[in-house]
Amino acid sequence: MPTSAYAAKTLHTTVYADVDGTFLFNFATYVLGNWFGSGPVYVTTNNLSGVAPDYDVSENPPEYPPVYYRIEETVSQEYKLSTIKCYCDNGYHSTGIFSYTGTAVYINPLGDTSLSCSQNIYCDFYNQKIITPVLIVPGIAGTEMEKESNLLWANVPKMILSPSDSFMDPLAFNQNITPSDSTVSISDVIKKKPSLDYTDGLINEFTSQGYIEGQTLFMFPYDWRYGVSGKYADGATNSDLLKQKIDEILQQTGAEKVDVVAHSLGGLIVKEYVIEHQTDSHIGKAIFVGVPNTGAPDAVKALIQGDNFGIGLGPVGLNDAEMKKIAQNMPTVYDLLPTQKYYNTTGSFVRLLDNTANSSYGVFSVSDQTVVSNFDYDQTKSFLVTDNSLNSQALTGAEGLHTEIFDNFDMRNAGVDLYSINGCKTGTMVKFEQAKYKNLFGQILTSYAPSKLNTGDGTVPVESSTNLPIDQDKKYYALTGEHSKLLSQDGSRQEIVNLISGSSLPVDSKLVTQEVNQCQLNGKAIIVYSPVDVSVTDQSGKEIKLIDGNTTNEIPNADFEIWGDHKLLYLPRDSGQAYTINMQGTGDGTYTIRAQDISDSLIVRTEIFDNLPATTELTGQININPGDNSTTLLVKPTSDSQPETILPTIVLPGDVTPSSPDQCKKKGWKNFGSLFNKQKECIDFFGTIHGKKK
Amino acid sequence: MFAIPEILWSPVLNFYYGFWQSGRSGNVNTLRNNFLQKADNWNYLKFIILLQLIGLVLFLIQLIRNKKSIKKVKYFSILFVSLVVTFLVATALYLAMAINLRIF
């Protein structure tokens, strides 16, 4: 016999979800041939569960018509309903009482006459977030490289402690763009190393939104040395391997699309893949993070000067020259060189100061006798291949990649929902200069130095990272941090996950914005051409140190570049930051300091301390006047001498840029800047051409 | 100054553990997870290790000053251990300053 026939009963509905959300229900009662609905009932889960209001599901006595009940979930696009499970408080289950149809359960309180529920009925709805699988495509050097199980990249202890960096020699390529050691293989995508959280923070953030590594979250480790244009021995490219990876993910998960997060070079590989598979790329959303769409001048530096990847201080660490040797024939570095489109957009990025007719001036001084040339794109290619003996085959391969079709390709036309997160607000080198000069013996020598900064992430200028067809409302700007930290740092990390998963993680507007005007640089750029080292301390004790050619940089949004003896510092002054800048001579000769005031990314004043004597005993400070931003030097040429204040040799206000050759003369540039180049064009100190000489 | 941060967060021990782990493939795990292990807090880590180093140097100075009031064997034992720990902490600080890994 039923234990509680015709009794009053209450339905308790609980909603479970693997990721919190809001769920829509409708409760209905069937009586006398009609359904009477409760109206929409929203249940929001908190800590993965939520409770709906109780609903009366009492039985009717025999003299009344029987009643039935229905609970139906209207499942949103973001979730799927995996299970409905109903039971009585005596634990009794009966298909006679409960019948399940898709997203609803029907309750017939008298459906089973042998037993019945007592006072309470419980129904649990289990929801799962529908997750489009995500693939993270790292950038250059973002995948670990091994040789016979020994880690070559990035083996931080060996980088620091190995007396020579020759353990990384197997990473080098031959002149003919083949690996010098065929036993080198890839390992995992780098997650975390000392001082750098590359993808670990991002993975953890995705995991908090219900993604599971290996099931819905995937990595694409690849041999980054080949870049986009390089080909493996079997003719495959990294974009071919990306296709394989995407196909594997689709097969494993049963999904129709994957969402892609691509960092730096990874974005170029994704772009090439989409171009090759425009109708069947199977990419839903793509988020480009710090992608050098039209290249980055830092790649030129890596090829002609080398780069220690931030590993080094004093006698330990990576050697620029060793890294230059390893990079020489790698297609990947050439793929990141500034392209014709970069040149068309931003102008020349290499300037030549020819001081060979002018032996009495400093290496980077500009006099009436200095011939200044801003290289056009073809001259730049010649400069790289002929003057610097770089790999012409690799350069040709990179040019073959960066065609107009590639650089202007609109991924949206291939069905990709494209977003970009661009690091800005950090001073980034956009132009450098080569000086030719004669030494005492009449030999012609060359030297390199950075010469111009603009906004970017410290590696990729914002002109390059934003140079792709994309909806304006899908462009985001990260206001802090640097290129290699963009994936996992606060702000951009949450924004990436929000864009991909639809979550609403809080993103501080001081960290990520959609307003490009917040990216403007405001600060001081100081270029030191000299055998003089500098170190900087800000008001909170954070430092930039340049010791023996190696650097540390703790100051947010500051930048430093080192080219041999020459250094470029960018020190932000948006918030009135104060700095102590110390100098220490490292050799005998002369030094020149160029201090530029930058306001809203424009150089508004340049102060030049030209051709001052340097010795190893020289010490001093570069002082920035907090009132008018002017710069003075306080120098002790020797340990015995008294400190002396040095004012700039020349001050060039930024608002008198000449617009014609006549103006060029009138404004007095000839007293310092080289007025005319070989083409008789009027040029200001910054290399901007203002017209032909009459 | 050395002991309390080490008891609370093990900055020096964690640093060496993570440093040697980064010489092999795979993720760098932490011995004791805490805020100092976040890469964003690398500067705090350096600062804490600097404080520990200062504490050790001050301890060494005090130890040498009070040389006569401590038995010889005990004195040299403490001095030896302190010098070794100071060397390790100084090395950790130097290495932490030398590393600012960048990936393009």
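**Close-up views of a predicted two-chain model**

Over all chains, the predicted model has 25 salt bridges, a salt bridge being a side-chain nitrogen of Lys or Arg within 4 Å of a carboxyl oxygen of Asp or Glu. Because this is a predicted model, local features need pLDDT of at least 70 and side-chain atom pairs count only at pLDDT 80 or more, while totals for chains, interfaces and linings use all residues. Residues are numbered from 1 along each chain as its sequence is written, chains are lettered from A and ligands numbered from 1 in the order in which they are written, and side-chain values use heavy atoms, with hydrogens and water left out.

**View 1. Salt bridge between Lys129(A) and Glu78(A).** The closest N and O atoms of this pair are 3.8 Å apart. Lys129(A) belongs to strand β10 (residues 120-129) of chain A, and Glu78(A) to the loop between β6 (68-74) and β7 (79-88) of chain A; the two are 51 residues apart. Helices (H or I, at least four residues) and strands (E, at least two) are DSSP runs, numbered from the N terminus. Lys129(A) is buried at a relative accessible area of 12%, whereas Glu78(A) is partly exposed at 42%. Buried means under 20% relative accessible area, exposed over 50%, and partly exposed in between (1.4 Å probe, protein chains only).

**View 2. Salt bridge between Asp181(A) and Lys147(A).** Here the closest N and O atoms are 2.7 Å apart. Asp181(A) is buried, with a relative accessible area of 16%.

**View 3. Salt bridge between Arg412(A) and Asp471(A).** The N to O distance is 2.4 Å. Because Arg412(A) lies in the loop between α11 (404-407) and β24 (417-423) of chain A and Asp471(A) in the loop between α12 (462-465) and β27 (475-478) of chain A, the pair ties together parts that are 59 residues apart in sequence. Both residues are partly exposed, Arg412(A) with a relative accessible area of 30% and Asp471(A) with 29%. Through shared partners, salt bridges join Asp410(A), Arg412(A), Asp417(A), Asp471(A) and Lys474(A) into one network.

**View 4. Aromatic pairs in chain A.** Over all chains there are 24 aromatic pairs. Rings of Phe, Tyr and Trp (its six-membered ring) pair if their centres lie within 6.5 Å; planes under 30 degrees apart count as stacked, over 60 as edge-to-face and the rest as tilted. Tyr87(A) and Tyr122(A) are stacked because their ring centres are 5.4 Å apart and their planes at 20°. Tyr87(A) is in strand β7 of chain A and Tyr122(A) in strand β10 of chain A, so the pair ties together parts 35 residues apart in sequence. Tyr87(A) is partly exposed at 24% relative accessible area, and Tyr122(A) is partly exposed at 25%. Phe383(A) and Tyr448(A) form an edge-to-face pair, 6.1 Å centre to centre with 65° between the planes. Phe383(A) lies in helix α9 (residues 377-387) of chain A and Tyr448(A) in strand β26 (residues 444-456) of chain A, so this pair ties together parts 65 residues apart in sequence. Phe383(A) is buried at 1% relative accessibility, as is Tyr448(A) at 10%.

**View 5. Charges over rings in chain A.** A charge sits over a ring if NZ of Lys or CZ of Arg is within 6 Å of the ring centre and within 35 degrees of the ring normal. The charged end of Arg70(A) sits over the ring of Trp35(A), 4.7 Å from its centre. Lys271(A) lies over the face of Phe406(A), 4.8 Å from the ring centre.

**View 6. Helix α2 (residues 11-21) of chain B.** Eight of its eleven residues are buried, so the helix is largely enclosed by the rest of the structure. Among these buried residues are Phe15(B), Tyr16(B) and Phe19(B). The buried residues of α2(B) pack against α1 (156-161) of chain A together with α1 (3-9), α3 (42-65) and α4 (72-98) of chain B, where contact means heavy atoms within 4.5 Å. Ring pairs link Phe15(B), Tyr16(B), Phe19(B), Trp20(B) and Trp42(B) into a cluster. Chain B has four helices and zero strands.
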